[in-house]
Amino acid sequence: HGNLKFQLAQRALASSPAEAQRYMKETGEALQRSMVYTRTVMAELIPPELRSSGLPAALEWLARQMPKHGLTVSLHMNVESVDLPHDQAVLLYKSARELLINVIKHANTDQATLSLTVDPDESLVLSVEDHGRGYDPSTAKPFGVGRNFGLATIRERMNVIGGSLREDSTIGKGTTITLGLPLSESELPRPLRAASSSGSQDRVKGKPIESSEQEHLPFKSS
């Protein structure tokens, strides 16, 4: 769009300077909008909150962004920080974002729930739930197109860090995807124990917090 406006400005420069100036102004505005959009997308992929404040804060930020894509997200967490290497926090954050995008693309609903809990046995559980169209996991091809291709990729990522992915879905009743990751080093594969002890940490695990729900923001088209 900006390139088209620039071409029109060039053509009008000799015959109508005023019109050329208007096209140049519109070109600048289009470029500014593109820059804002690019910064927003980059921040959403890996927000600064992920490094500065940890995974729970980054998920809270993510939930606030989803209405721009047409999805209202209720957020439930029982911790305010987790003891997690930064690379694993990034992987979990990206997986949560991809699962929410899956809801937007495939679930035919504008509501979802994002949950993060740490169980008494020191297992982190992250889940995305919707009450959309659902599907039959027993007949879905694990490396097919669409939703299931994305789930296969997330499952592979979780397996690499010693975690898991579970699908619970029923046609017409919605879907819950649950990611699990042991936080105790004794439960991690040996290569990951060394990485956990040497890698940067996603904050220190803190006190539990009361369950919170993301405010339903006004719908905005993307």
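What pattern does the chain follow, read along the sequence? Going along, you get α-α-α-α-β-α-β-β-α-β-β-α, which comes to seven helices and five strands. Helices here are DSSP runs of H or I with at least four residues and strands are runs of E with at least two, numbered from the N terminus. Keep in mind that this is a predicted model, where local features need pLDDT of at least 70, side-chain atom pairs count only at pLDDT 80 or more, and totals for chains, interfaces and linings use all residues. Residues are numbered from 1 along each chain as its sequence is written, and side-chain values use heavy atoms, with hydrogens and water left out.

**Whole chain**
- The chain has 222 residues, and 41% of them count as buried (under 20% relative accessible area, 1.4 Å probe, protein chains only).
- Among contacts (heavy atoms within 4.5 Å) with a separation of 6 or more, 69% come from residues 24 or more positions apart.

**Helix α4**
- Helix α4 spans residues 55–65 and is mostly covered, with eight of its eleven residues buried.
- The buried ones in α4 include Leu55, Leu59, Trp61 and Leu62, and Gln65 is buried too.

**Glycine 163**
- You'll find glycine 163 in the loop between α6 (147–160) and β4 (164–170).
- Glycine 163 counts as buried because its relative accessibility is 12%.
- Setting aside neighbours within four places in sequence, glycine 163 is in contact with Met158, Gly180 and Leu181.
- Valine 125 is 38 residues away from glycine 163 along the chain, and their C-alpha atoms are separated by 9.8 Å.

Conventions. Buried means under 20% relative accessible area, exposed over 50%, partly exposed in between (1.4 Å probe, protein chains only).
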